[in-house]
Amino acid sequence: MRTRLRRSLRTRLALLAGITMLLLNIVVSGFVLFGIHDDITDVRAGEVSGKALRVLLMVKRNQLPRVLEDGGLDGIQVVDPLGRAVSWTPNLTAAPRQTDRLPQQDQANYVSKSCDLPAFPGRCELVVALRAFQPEGTWIIYAFDPAVPWFVSPQVMLFQAGVSALLVALTWFGVSRVVARTLAPVSSITRRLAEITADGGGLRVPVPDTDDEIRALAETANRTLERLETARARQEAAMEQQRRFAGDASHDLRSPITAMRAQVEEAMLHPEETDWAETSTHVLASLDRLQAIVTDLLALTRLDAGAPSDHERVDLDGVVVAETTRARTKRVVTDPQEGVVVMGDRLQLTRLLTNLLDNAERHAETRVVVTVREEDGQAVLEVLDDGGGIEPDQREVVFQRFTRLDDSRNRDAGGTGLGLSIAREIATAHDGTLTIEDSPKGARFVLRLPLP
């Protein structure tokens, strides 16, 4: 039971509200009792004074008997100017003076509460004292009646206890219902979250119609679930890409190794008939291909890891001039605009241009055109060949790792299939884009980089 009370917010809040209401009722009941007690005491004092007035009239008329009728009071005692009890009710016969309290000089009567009087031991009495002025002095008439208890009466106590119990019960019930209705969406959210598993994508928690913190909680939970789902999808896609990458890398690395092994084994079977110079040439070609694949893999690994690079002001037309002056199998025509400067890593941008030129050179018929210009606040670098071009549905495929179209494989069996992937990664690392756009003939690669 204690564990349930600790865990149930509804019970704790209802209990807290009930205790608060109980304490409030106790305080209010105290003030109410205090006010009722004073009012009833005043009423009782007025009644006692009224019953004692007949004795006052007897003193005024000099008709005071020795023994008085109690008139429904606990007792009456008359004290003469000398302080002697001279008249009393039967229960106070020959009793000493019960109290020496007197009204103030400017008052005709006095009301007080006295306990343990000689004639009333263990009790508290309401004492009303009246002055009677006579020629020989002042007489005092004391009237005694039971004092009003602090709880006024059992009926008042029962009434207040009943009212307090009713209010506490209503408070408990009301708070419990309100909290239950308020937390109902939380319970629904909790159940729905419990249903979400590692593979339970697409689930969302219900959003209540109210405009409060719980709605904000549900909306935040849904946004979090959406981000987690997106992150999981990206992770799965990345893992799938890594698996494909590992498989493709293994296949491409195995090809030159297998070729070298076959060449060496064949030479060893017929060493006297082997042209070792030709064999060495073939093995070196396979080693070059293997080295190119490993180099590209290392470059991709550094780009994927986001390795920091030193960005500096790079003049794109200078990079183009430096790379296009090297001897190539196809004619390279350049049209660079001077003064096109970007912020970046010169070596990486040079590697990007080299990869684009190598790709264009493999597919061009006669020439490659390289253009540099500023356009819409961006630096634009274009590499255009006059080859067969790339179909629109294949323009994104060619940027995937180890992707070589059939035409590319026929033209250059020694390519790594990583050049364009590395080029796009470098463009992305420089906050730019590398795409294939329409052209009348051939493939048109367009690099866009932000200007500083």
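The structure is a predicted model. Helix α2 (residues 9-60) gives the most residues to the patch and also packs with helix α3 (residues 154-195). A second pair consists of helix α6 (residues 316-324) and helix α7 (residues 346-363).

**Nonpolar surface patch**

- A nonpolar patch on the surface is formed by Leu15, Ile19, Leu22, Leu23, Ile26 and Trp172.
- Together, these residues have about 540 Å² of accessible area.
- Helix α2 contributes 5 residues to the nonpolar patch, the most of any contributor.
- Leu23, one of the patch residues, lies in helix α2.

**Packing of α2 with α3**

- The axes of α2 and α3 are 8 Å apart, and the two helices pack at an angle of about 155°.
- Because angles over 145 degrees count as roughly antiparallel, α2 is roughly antiparallel to α3.
- The contact of α2 with α3 comprises 18 nonpolar residues, 8 polar residues and 1 charged residue.
- The handedness of the α2 and α3 crossing is right-handed.

**Crossing of α6 and α7**

- Helices α6 and α7 cross at roughly 50°, and their axes come within 10 Å.

Conventions. Residues numbered from 1 in each chain as written. Predicted model: local features only at pLDDT ≥ 70, side-chain atom pairs only at ≥ 80, totals over all residues. Heavy atoms only, no water. Patch = residues over 30% accessible without salt bridge, like charges linked within 9 Å, V, L, I, M, F, W, Y side chains within 5 Å. Areas by Shrake-Rupley, 256 points an atom, 1.4 Å probe, with all protein chains shown as cover. Salt bridge = Lys/Arg side-chain N within 4 Å of Asp/Glu carboxyl O. Helix = DSSP H or I, 4+ residues; strand = E, 2+ residues; numbered from the N terminus. Axes fitted to C-alpha atoms, helices over the stretch in contact; angles between N-to-C directions. Parallel < 35°, antiparallel > 145°, perpendicular 65-115°, else oblique. Left-handed = near helix turned anticlockwise from the far one by under 90°. Nonpolar A, V, L, I, M, F, W, Y, C, P; charged D, E, K, R; others polar.
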